[in-house]
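Open the model in a viewer and keep the selection tool at hand. The stops below are meant to be taken in order.

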Amino acid sequence: MESRRKARKRRIIIGITLFLILLVVIGAVLGIIQKHKNMKTSAASAASSTTDSTINATSVNFNSAIKAVCSVTLHPDRCYSTISSFGRNITDTEKIFEASVKTTMDVLRDVSSFPATLRNETDDPRVKKALDICTKMIDDSLDQLNQSLILMAPKSGEQISTEFRQDDLTTWLSATISNQETCLDSFEGTEGGFREKMEVAMTNSTELISNSLAIASKVLGYVGLFNSPGSNRKLLQRLINDDNDPGWTERRRLLQTADNVNKLVRPNIIVAKDGTGDFLTINDALKTVPLKSEIPYVIYIKSGLYVEDVEITTKMTSVMFIGDGIDSTVISGSKNFVDGTPTFDTATLVVEGSGFIMKGVRVQNTAGPEKHQAVALRAKADKCIFYECGFIAFQDTLYVHSLRQFFKKCVIVGTVDFIFGDAAAVFQDCDILPRQPMPNQFNAITAQGKKDPSENTGISFQNCTIRPYDVVTAKTYLGRPWKEFSTTVFMKSDIGSLVEPEGWLSWDGVKAPPSTIFYGEYMNAGVGANTAGRVVWSGYIPGLSDIDAQKFSVGSLINGDEWLPNKGVEFNRAL
């Protein structure tokens, strides 16, 4: 207990120190920028404004502002050299951020052809698949960086809350960090040094993305809030108003009824195995989806077993799947790692289109434990919702890859790392069901993949139930840290006796994880919730404070107050 108190005290001291440093940096940035603006104003009104002394003073202020902003990044020297190359026309933090993002995009474009070059150097199909994933990840990162620039330049008359804008920027930039890591992780099980070659080629882009993320999360939002003439809460009410979200007023009812949705509102398309719908397969139905639409497109999937791999692409936005329940509507696949598919590509259902919603559908991967990684769902879409759904497999069942995700009243079944990824994901009122793995294996419910300290990602369980799916004799843990800043919390959940007293496991089962992880528990119940025998790690808190716990609520972790209310799904705002 004494070591835990010391660790907690140390975390508090570090937190207060970092906060004070951040305030100093922000104050310096605001002071320098304001002074620079005042100089420009004075220069414009004075006849002798173009003297050498004024130019030199402006240069000093310009350099000081950039250095102040870059001081919050992990790579300040690269940050300074990158932004200073844009010249003296940078007069505020937003322009500094834009310069950082534009440079990052230029560097990523240069790297984008490198996977194709490496492809010509190998005949190994697994390496080629990994390189294909790298190409996709770079393309996705370029799209997300471009989204960030668009958000920084709202259309005429468009008002964007600084608070929400910063959350979007941080989310998209966090996803680009995840993309870089996914590229490298895809080389698992390969030889020939291709992972190392890609890692070297992406060094510059990785550091630049990290710098842009730090500026967005640690400076940009705070400066904007300090300069804002008032609260943004009124804008929140406008953003969540049904009238501003086309098509949702009627479609939201689909999530508020438990029975036959076809009797309530006519879906756009019906899929039925028995031939009573518009299509026999889900993939055929997806061919009718309007691209880049803000209006919900409802696909009703009637009872049946649909053996097909399904992908909701990035262009398929606002798609909704409605099934007849997890015991009736089932999407099934069997791709797996052992048979030569990278983990990223093994998913039965891939969701990449933003605003996706699914209710009453079970997704499963039937490859079996001997096939190792075999994903049921890979969610790589922003603001997606899974309500009363089931996800069943063994190792790596649910891949919460990146961006913001909400799971409500779902059932998740698996063995090793069966909820993993680097999204900001909240699970409310879900059944988390570990099952018996292969001999000599253990169960780990989570493996969160936060790589950069500025990311706004993490996995949060609230009011969930952890109990065995079948007879489980293998050791079972709440999770293990996949990356250096792995972040996972269990709050107000019922933890069954199958969870080991230690609660958590290090990645290799031997060496303690770095102090940079954030693992915590808050007001849990059940036999397995006793924290007396928990691991003693500097990054683990057995009893989160109310303030720390609140950071992992729907409103804080995934900004759910802004996008969940008008979707018709119930959620708990408070802990």
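Start by selecting residues 424-428, which make up strand β17. Ala-424, Val-426 and Gln-428 point to one side of β17 and Ala-425 and Phe-427 to the other, and both sides are covered, every one of these residues being buried. The coordinates come from a predicted model.

Strand β14, residues 404-408, runs parallel to β17 and is joined to it over 5 bridges. Strand β20, residues 458-462, also pairs with β17 in the parallel sense, again over 5 bridges. Which residue of β17 is the bridge partner of Phe-406? It is Val-426. Follow Val-426 on into β20, where its bridge partner is Ser-460.

Phe-427 belongs to one cluster together with Phe-321, Phe-356, Phe-386, Phe-391, Phe-407, Phe-461, Phe-490, Trp-504, Tyr-519 and Tyr-540. Over the whole structure there are 17 aromatic pairs. For one of them, select Phe-442 and Tyr-477: the ring centres are 6.4 Å apart and the planes stand at 80°, so the pair is edge-to-face. An angle over 60 degrees is what that label requires. The two residues are 35 positions apart in the chain and link distant parts of it, with Phe-442 in the loop between β18 (431-434) and β19 (443-448) and Tyr-477 in strand β22 (residues 476-479). Tyr-477 is buried, with a relative accessible area of 6%.

Now move to Asp-417. An unreviewed UniProt entry places the feature "active site" at this residue. Asp-417 sits in the loop that connects β15 (411-414) and β16 (419-421). Its relative accessible area is 5%, so Asp-417 counts as buried, the limit being under 20%. Display its contacts beyond four places in sequence: Asp-396, Ala-444, Ile-445, Thr-446, Ala-447, Arg-480 and Trp-507.

Two of those contacts, Arg-480 and Trp-507, also touch on the next topic. The charged end of Arg-480 sits over the ring of Trp-507, 3.8 Å from the ring centre. For another arginine over a ring, select Arg-435 and Phe-394: Arg-435 lies over the face of Phe-394, at 3.8 Å from the ring centre.

Select α3, residues 76-84, and colour Cys-79, Thr-82 and Ile-83, which are buried. Look down the axis of α3: its buried residues fall within an arc of 85°, so they line one face of the helix.

Then select Ser-212 in helix α9, residues 203-227. Ser-212 is buried, with a relative accessible area of 0%. Leaving out neighbours within four places in sequence, Ser-212 is in contact with Phe-97, Ser-100, Val-101, Thr-104 and Leu-173.

Finish by zooming out to the complete chain. It holds 15 helices and 26 strands. Of its 575 residues, 56% count as buried. Among contacts with a separation of 6 or more, 71% are between residues 24 or more positions apart.

Technical notes
Residues are numbered from 1 along each chain as its sequence is written. This is a predicted model: local features need pLDDT of at least 70, side-chain atom pairs count only at pLDDT 80 or more; totals for chains, interfaces and linings use all residues. Side-chain values use heavy atoms; hydrogens and water are left out. UniProt positions are given in the numbering used here, feature names are shortened, and annotations may be inferred rather than shown by experiment. Helices (H or I, at least four residues) and strands (E, at least two) are DSSP runs, numbered from the N terminus. Buried means under 20% relative accessible area, exposed over 50%, partly exposed in between (1.4 Å probe, protein chains only). Contact means heavy atoms within 4.5 Å. Rings of Phe, Tyr and Trp (its six-membered ring) pair if their centres lie within 6.5 Å; planes under 30 degrees apart count as stacked, over 60 as edge-to-face and the rest as tilted. A charge sits over a ring if NZ of Lys or CZ of Arg is within 6 Å of the ring centre and within 35 degrees of the ring normal. The arc is that of the directions from the helix axis to the C-beta atoms. Two strands pair if DSSP finds at least two bridges between them.
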